[in-house]
Structures are given as C-alpha cells and as structure tokens.
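Subject: Handing over a structure, with notes

Dear colleague,

I am passing a structure on to you, together with some notes for someone who has not worked with it before. Please open it beside this message and read the two together.

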Amino acid sequence: MKDLLRTSTSLIEGIENILNLQAKIESDASNKYLAMAAWLDRNGFDNTASYMYKQAEEEREHFLKVFRYITDMGGIAITPSVPEVQQEFASFREVFEIALQNEIAVTQAINKVIAKCRAENDYATEDFMMWYVAEQREEEKNARRALELFELINENEATGKFELDLQISKIG
C-alpha cells in the first residue's frame with residue numbers, strides 16, 4: 001500500500017506549533033502528577049496518591065486529545081520529549097502548592113492558544129479549546145480546595161495528616 005501523505009490542512013503553522021506546545025504542556029503535567037503520586041505513595045498517603053494517579057491519567061487524556069486534534073486536522077503532531085520532573089517534595093502541603101501553580105500555568109498556556117486562534121480567525125480550534133477552558137476552571141478549583149483543607153485541618157496534629165489524606169482524595 002502506498003503511504004498516504006496529507007497534503008493540506010486548515011491549521012496554519014503558528015496554530016499547529018502552539019497546539020504542539022500545548023500537547024507538551026499537558027504531557028508534562030501528567031508526568032508531574034505521576035511523580036507527586038509516587039512521592040505520596042512512598043510517604044504513606046495512600047488515598048491522596050490514588051487521587052494524583054487519577055490526575056496524571058486525566059492530564060494524559062488531555063495531551064492525547066490535543067495530539068489527536070492536530071492529526072485529525074491534517075497537521076503534524078509532535079511526540080513530546082519527557083523532561084525530568086521533581087521527584088521529592090519538602091512536605092505534604094508543598095505537593096499541592098506546586099499542583100496549583102502547575103494548573104495556573106496550564107490555564108495561562110490555554111489562554112495563549114485561544115488568543116492565537118482569535119488573532120488567526122481559527123474558529124474551529126478556538127471551539128475545540130473551549131473544552132479546556134471549562135476543564136481548567138475545575139482543575140484550579142480542585143487544587144485550591146486541597147490547599148484550603150490544609151488551612152482547615154492542622155496537619156501537625158496527631159490525626160491531621162490522616163484526615164487530610166482522606167479529605168483531599170474526595171475532591172472532584
């Protein structure tokens with residue numbers, strides 16, 4: 001069978017490039033959550049580790065969704081390299097502080113994609129990306145809620161870490 005080469009796409013190069021960057025950001029987010037889950041597992045936070053494993057899988061799905069969109073539109077999706085990610089954390093709380101920072105960074109990256117779509121009149125890609133806008137509202141809300149729990153539950157009390165592990169795993 002002759003190789004099929006897609007010769008045309010409605011994606012302009014700048015949109016394709018920024019989508020490939022977004023795919024990488026989503027892939028990196030998955031790896032970061034995976035490292036967090038492993039740290040939580042090592043430190044006895046079984047419930048929260050399961051929560052983070054789920055987050056890692058969701059981010060992988062987000063990555064694949066962008067990746068497939070690029071190919072579905074006739075573009076060239078680039079498999080991202082896997083960078084080193086932080087493996088150790090100073091505290092249980094730090095994991096969630098970093099998670100919130102990461103979610104905010106992802107939101108900002110999505111906003112840049114949408115701004116580029118608007119500048120280039122790429123309404124199809126903008127429409128596709130609106131799912132991510134709604135998703136990020138939820139992701140940031142959940143990350144903030146986890147940090148709020150650290151304010152409500154004293155992790156230094158005898159049962160504080162146990163209760164945090166239990167309550168955080170119920171978010172979302």
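The notes below begin with the whole protein, turn to its cavity, and end with single helices and residues.

Please keep in mind that this is a predicted model, in which local features need pLDDT of at least 70 and side-chain atom pairs count only at pLDDT 80 or more, while totals for chains, interfaces and linings use all residues. Residues are numbered from 1 along each chain as its sequence is written, and side-chain values use heavy atoms, with hydrogens and water left out.

The whole protein

The secondary structure consists of 5 helices and 0 strands, and along the sequence this reads as the pattern α-α-α-α-α; helices (H or I, at least four residues) and strands (E, at least two) are DSSP runs, numbered from the N terminus. Taken along the principal axes, the box filled by the C-alpha atoms is roughly 65 × 35 × 20 Å. The protein has 172 residues, of which 45% count as buried; here buried means under 20% relative accessible area, exposed means over 50%, and partly exposed is in between, with a 1.4 Å probe and protein chains only. The exposed surface comes to about 9,700 Å², with 52% of it supplied by carbon and sulfur atoms; these accessible areas come from the Shrake-Rupley method with a 1.4 Å probe, and for residues only the protein chains shown count as cover. Among contacts (heavy atoms within 4.5 Å) between residues at least 6 apart in sequence, 75% join residues at least 24 apart.

The cavity

Rolling a probe the size of a water molecule over the atoms shows where empty space is left. A search of the whole structure finds 1 cavity of 30 Å³ or more, and the largest cavity holds about 70 Å³ of space. On a 1 Å grid over the protein atoms alone, a cavity is a set of points where a 1.4 Å probe fits but cannot get out, and lining residues have an atom within 4 Å of a point; grid points are joined across faces, edges and corners, and a volume is the space filled by probe spheres set on the points.

The lining of the largest cavity is made up of Tyr-33, Tyr-51, Met-52, Gln-55, Phe-96, Ala-99, Glu-103, Glu-139, Ala-143 and Ala-146. The elements that give two or more residues to this lining are helix H2 (46-72), helix H3 (92-119) and helix H4 (123-152). By class, the lining has 7 nonpolar, 1 polar and 2 charged residues, where Ala, Val, Leu, Ile, Met, Phe, Trp, Tyr, Cys and Pro count as nonpolar, Asp, Glu, Lys and Arg as charged, and the others, Gly among them, as polar.

Helix H5 and the segment after it

In helix H5 (residues 160-168), the residues Gly-160, Leu-164, Asp-165 and Ile-168 are buried. They lie on the same side of H5, because they cover an arc of only 135° around the axis, the arc being that of the directions from the helix axis to the C-beta atoms. The buried residues of H5 pack against H2, H3 and H4. Lys-170, by contrast, is in the segment after H5 and is exposed, with a relative accessible area of 55%.

Single residues

With neighbours within four places in sequence left aside, Asn-142 is in contact with Tyr-51, Ile-171 and Gly-172, and Tyr-51 is one of the residues that line the largest cavity.

Finally, Asn-121 lies in the loop between H3 and H4. Most residues other than glycine have a negative phi, whereas the phi of Asn-121 is near 55°, a positive value in a residue other than glycine.

With best wishes

Definitions and conventions. On a 1 Å grid over the protein atoms alone, a cavity is a set of points where a 1.4 Å probe fits but cannot get out, and a pocket is an open set with protein on both sides within 12 Å along at least five of seven lines; lining residues have an atom within 4 Å of a point.
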